[in-house]
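Student: I would like a close look at a single part of this protein. Please take me through the pocket, and then through what surrounds it.

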Amino acid sequence: MIAFRHDAERDTPLVYVLRGPAVGDMTPRLGCGREQCGACRVLVDGTPAYACTLRAGAVENRHVETAAGLDSPVRQALIAANATQCGYCLPGIIVAAEALFRVDPRPSRDAIADALDAQLCRCGSHPRVLAALTALSDA
Ligand code: FES
Ligand code: FES
C-alpha cells in the first residue's frame, strides 16, 4: 500500500510515485507514457495496469505489485533463459506473463502471445520470451 506524503501525489502518474524516493522501486519503467509500450505495467489487484497513465490516487487501498516483488517461476524462467536483451522491457513482460500464469498455469503459446501483445521490444526478443514461457507452461 502506498503512503502518500501530500495530496499532489495522488494526481501524479503511479509510475513516478513508485520510482520516487518514497517507494524507490525502479522496475516499472517509463517508456512511451501513452499506454503503447507496456514497460510501465504493474499488477493492481492482480490485473495488469499502465502505471504511466494511472493516477496514483486511484490505487490507494489497492494491492499493487511490480516485477520487483514477483520472484515467481515466470520471472525465473525469463531470466534463466536470458530471454530479453536490454532489461528495459523485462519488468513489464514479467508482470503481463505473471497475470496470465496465475489464472492459467499451462497456457498455450497463443495465449502467451496474446497476453504479451501489449509488451513492445525493439530488440527482437519476442521469440526467446515466447520460447521460455512456452517451456515453463510445458514443464
Ligand atoms: S510507459 Fe506506460 S505503456 Fe509505455
Ligand atoms: S529486450 Fe527489452 S526492448 Fe528488447
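Tutor: Start with the term. A pocket is an open set of grid points where a 1.4 Å probe fits, with protein on both sides within 12 Å along at least five of seven lines. Rolling a probe the size of a water molecule over the atoms shows where empty space is left. Keep in mind that this is a predicted model.

Now the pocket itself. The largest one has a volume of about 160 Å³. Which residues line the largest pocket? Cysteines among them are Cys32, Cys37, Cys86, Cys89, Cys121 and Cys123. The lining also includes Gly31, Ala39, Tyr88, Leu120 and Arg122. Sorted by class, nine lining residues are nonpolar, one is polar and one is charged. Arg counts as charged, and Gly counts as polar. Two domains take part: domain 1 (7-67) and domain 2 (69-138) each give at least three residues to the lining.

Next, the cores. The largest nonpolar core has 23 residues. Leu78, Ile112, Leu116, Val129 and Leu133 touch the most other members. Three helices, α2 (73-80), α3 (90-103) and α5 (126-138), supply at least two residues each. Of the contributors, α3 gives the most, with nine residues. Take Leu78 as an example.

Is Glu98 buried or exposed? Its relative accessible area is 9%, so Glu98 is buried; the cut-off for that is under 20%. Leaving aside neighbours within four places in sequence, Glu98 is in contact with Leu43, Leu70, Ser72 and Val74.

Finish with two loop residues. Glu35 is found in the loop between α1 (14-19) and β1 (41-44). Phi of Glu35 is near 60°, a positive value in a residue other than glycine. With a relative accessibility of 40%, Glu35 counts as partly exposed. Asn82 lies in another loop, between α2 and α3. Its phi is positive too, near 50°, and Asn82 is not a glycine. Asn82 is exposed, because its relative accessible area is 56% and exposed means over 50%.

Key. Residues are numbered from 1 along each chain as its sequence is written. Chains are lettered from A and ligands numbered from 1 in the order in which they are written. This is a predicted model: local features need pLDDT of at least 70, side-chain atom pairs count only at pLDDT 80 or more; totals for chains, interfaces and linings use all residues. Side-chain values use heavy atoms; hydrogens and water are left out. On a 1 Å grid over the protein atoms alone, a cavity is a set of points where a 1.4 Å probe fits but cannot get out, and a pocket is an open set with protein on both sides within 12 Å along at least five of seven lines; lining residues have an atom within 4 Å of a point. Grid points are joined across faces, edges and corners, and a volume is the space filled by probe spheres set on the points. Domain bounds come from an automatic or database domain assignment. A nonpolar core is a set of buried Ala, Val, Leu, Ile, Met, Phe, Trp, Tyr and Cys residues joined through side-chain atoms within 4.5 Å. Buried means under 20% relative accessible area, exposed over 50%, partly exposed in between (1.4 Å probe, protein chains only). Helices (H or I, at least four residues) and strands (E, at least two) are DSSP runs, numbered from the N terminus. Contact means heavy atoms within 4.5 Å.
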